[in-house]
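Please read each point with the structure open beside it.

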Amino acid sequence: MFFFDRRVRRGSMFVAILLLAILATACSQTNASSSSTSSNHGSTNAATSGDSMEVVHASYLDLVGNIADLRTRVEQWKTGDEASLNIAKEKLERIQVVLAATTWSPIMRSATTQVDTALPTMKQSLNNKDQAQATTAAKMLGDGSHDVTHAFYGDWLPALKGQRFSTMAPHAIYLDLNTNIADLRTRIAAWEKGDEASLNIAVEKMDRIQALVQHALSTDVLVKPLNAIGASLPAISAALNRKDVAAATGALKPLSDASHDLTHDFYAWMNVTAGSNDPACIQAGYLDLTANLADLRSRVTSWEKGDASSLNIAQEKLERIEIVLAHAKWSQPMVNAVQKIERALPDVTLALKQQNVALTQQALKPISDASHDMTHAYYGDFLPQAHQTGHVASPSNMQGHSTSPVTTAQTASGHSDSHGHDEEVATTSSSEKGLVLGGFGLINGIVIGLAAIVKVRTQKKRQVEKISSGAAAE
C-alpha cells in the first residue's frame, strides 16, 4: 500500500502508545469531572461553551464555503446550466449537516440560526424548480452567511484570547489564513482593474488576516512565517487607507513571500506530526485534502492548455495530498475512499514525472471518483456522528496511524479530545477508577518497550520544534 514505509515507521510504537492512550483517556475523564476549568468544553466562556475551537473553526469554513458554492450554482442554473440544479441540492444537504453536527457557541448561534431559517425556502425552490424563489432564498442565505462571518471574526475569535488549544489546532487556522491571503490578493488585483467595491472587501480581508495571525501565534507553531506575515500587513493597510492601489500592489510582495514560507513550513510540520484522534482533525484534513485535490485537477488542466508553470504547482499539490492523507486518522466510513486515492497517487506521480499530460489526466480519473465517494462518506456518515455525546475515535475504526500526536513545542493543556455538549457532566465509574489504578502498574510493564523508540520520537520532536520556532531549513 502507498505510504507503507511511513506507516511502518509510525507503527513501531503503535502497541505501546495504544496502551498508554487507554490510561490517558481514563485519567482525562477523571480530571474532567473534578475540574470545570480543565476543558474548553466545560468552560463558561461564551466562545468555548459549544464545541471546541477546532471543531467550530473547521465547521465555519465548511459552512460558508458550501453557502458560497450553493449561491454560485443557483446563478449557473438560472443561466441554463441544468446540472447545477442537482449540485445545488447537494450543497444544501451539506449545509444542513454542518449546521446540525456543530454545537455553535452562543455568540454565533443567532447568525447560524438565521442560515438555518433560510434553508426550507431554498429547498422548496430547488425541488419546485422555482428560479425566482431560489434567487430570494439565495439572498437570505447570503445575508445569513455574512452575519455568521461577522460573528465569527468580530465576536467569537477575539473571545478566544488566552485559551489553549489542541496540538492539531493550527490546521484549521492555517486553512483560513491561507484562504484570506489569497482572497486579499485577488481583491487588490480586481481593484487595480477598476472594481471599486473590491477595495472595501480587501480592507475586510486585512482585518481577518490580522486577527488570524494573532490567533495562530497563540498555538506556538510556525512562528517565523507568521511573524513575517504580521510584519507585512501595516504597509498594505496604509496603502488601502490612502486608496493607493499601486502601493498596495507593491506591498503584497512581502506578504506573498511570507505566505509561501508559511505553506512550506506548515506541510513540513504536518509531515512530522501525527494526527490527533480528535474528529476535528478529520474535519480540517477533509477540507485540506479536497481543496488540494481540486487544485491538482485544475493545475493539470491549465498545464494541458499550455501553462507550463502549472506542472510544477501540480507536483507541489500532489506532495501536499500525500502528507494530508498520511497525517489524519480517517474514520471507518472514509477509509475505503482514502485508500483508493492512495493507490492511485503513484500513477499520477509517474505521469507528472514523465511530463505526459494525457497520462496524467487518465491517472486522475480514479482519484476524482474516490474523492466523490469520500465526500459522500464525510457528510453522509462521518460528520453526523462525529460530535455526538460520548463519541471518541478509537483505534478499531481508524486507519493504522499513531494513536497520539507527536509532542510539539506547544502543550495542549486543558483540551479534551471528546466533543460532548457543554451540559454534559463527566462521571467516573468504579471500573474507570480501577483502570486508572491498574494503569500505573501497566506503565512499568511497557517502559522497557518504550525505551527502544525514544530516539525516533526525539528526532521527530526536534523537527517539529525547529519548524515551530522558525528554524526550519528554507
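1. A residue is called buried below when its relative accessible area is under 20%, exposed when that area is over 50%, and partly exposed in between. With that cut-off, helix α9 has Pro225, Leu226, Ile229, Ser232, Leu233, Ile236, Ser237, Ala239 and Leu240 as buried residues. Please keep in mind throughout that this is a predicted model.

2. For the protein as a whole, the secondary structure consists of 16 helices and zero strands. Of its 474 residues, 46% are buried. When contacts between residues at least 6 apart in sequence are considered, 82% of them join residues at least 24 apart.

3. Helix α9 spans residues 223–242, which is 20 residues, and the distance from its first C-alpha to its last is 30 Å, close to the 28 Å expected at 1.5 Å a residue.

4. Which elements do the buried residues of α9 pack against? They pack against α7 (170–192), α8 (197–217) and α10 (245–271). An α-helix has 3.6 residues a turn, so residues three or four places apart point the same way.

5. Two packed helices are described by the angle between their axes and the distance between the axes. For α8 and α9 the angle is about 155 degrees and the axes are 10 Å apart, and the two helices are therefore roughly antiparallel to each other, as the angle is over 145 degrees. The crossing of α8 past α9 is left-handed.

6. Leu222, in the loop between α8 and α9, has a positive phi of about 55 degrees although it is not a glycine. Is Leu222 buried or exposed? Leu222 counts as buried because its relative accessible area is 3%, which is under 20%. After α9 comes Lys243, whose phi is also positive, near 55 degrees.

7. Gln355 is another residue other than glycine with a positive phi, in this case near 55 degrees, and it is placed in the loop between α13 and α14. Gln355 counts as exposed because its relative accessibility is 57%, a value over 50%.

8. Ser259 has its place in helix α10 and is classed as buried because its relative accessibility is 6%.

9. The residues that make the contact are Thr263, Tyr267, Met270 and Asn271 of α10, together with Arg320, Ile323, Val324 and His327 of α12.

10. Helix α4 (residues 83–101) and helix α5 (residues 106–127) pack with their axes 10 Å apart, at an angle of about 150 degrees, which makes α4 roughly antiparallel to α5. The crossing of α4 past α5 is left-handed. Leu85, Ala88, Lys89, Leu92, Ile95, Gln96 and Leu99 of α4 meet Thr112, Val115, Asp116, Leu119, Met122, Lys123, Leu126 and Asn127 of α5.

11. Glu342, in helix α13 (residues 332–353), is buried with a relative accessible area of 0%, and its C-alpha is 8.5 Å from that of Ile367, 25 residues apart in sequence. Gln361, in helix α14 (residues 357–386), is partly exposed at 26% relative accessible area. Gln361 and Glu304 are 57 residues apart in sequence and 9.0 Å apart in space, C-alpha to C-alpha. Beyond its neighbours within four places in sequence, Gln361 is in contact with Val300, Thr301 and Glu304.

Methods: Residues are numbered from 1 along each chain as its sequence is written. This is a predicted model: local features need pLDDT of at least 70, side-chain atom pairs count only at pLDDT 80 or more; totals for chains, interfaces and linings use all residues. Side-chain values use heavy atoms; hydrogens and water are left out. Helices (H or I, at least four residues) and strands (E, at least two) are DSSP runs, numbered from the N terminus. The expected span of a helix is 1.5 Å times one less than its number of residues. Buried means under 20% relative accessible area, exposed over 50%, partly exposed in between (1.4 Å probe, protein chains only). Contact means heavy atoms within 4.5 Å. Axes are lines fitted to C-alpha atoms, for helices over the stretch in contact, and angles run from 0 to 180 degrees between N-to-C directions. Angles under 35 degrees count as roughly parallel, over 145 as roughly antiparallel, 65 to 115 as roughly perpendicular and the rest as oblique. A crossing is left-handed if the near helix is turned anticlockwise from the far one by less than a right angle, and right-handed if clockwise.
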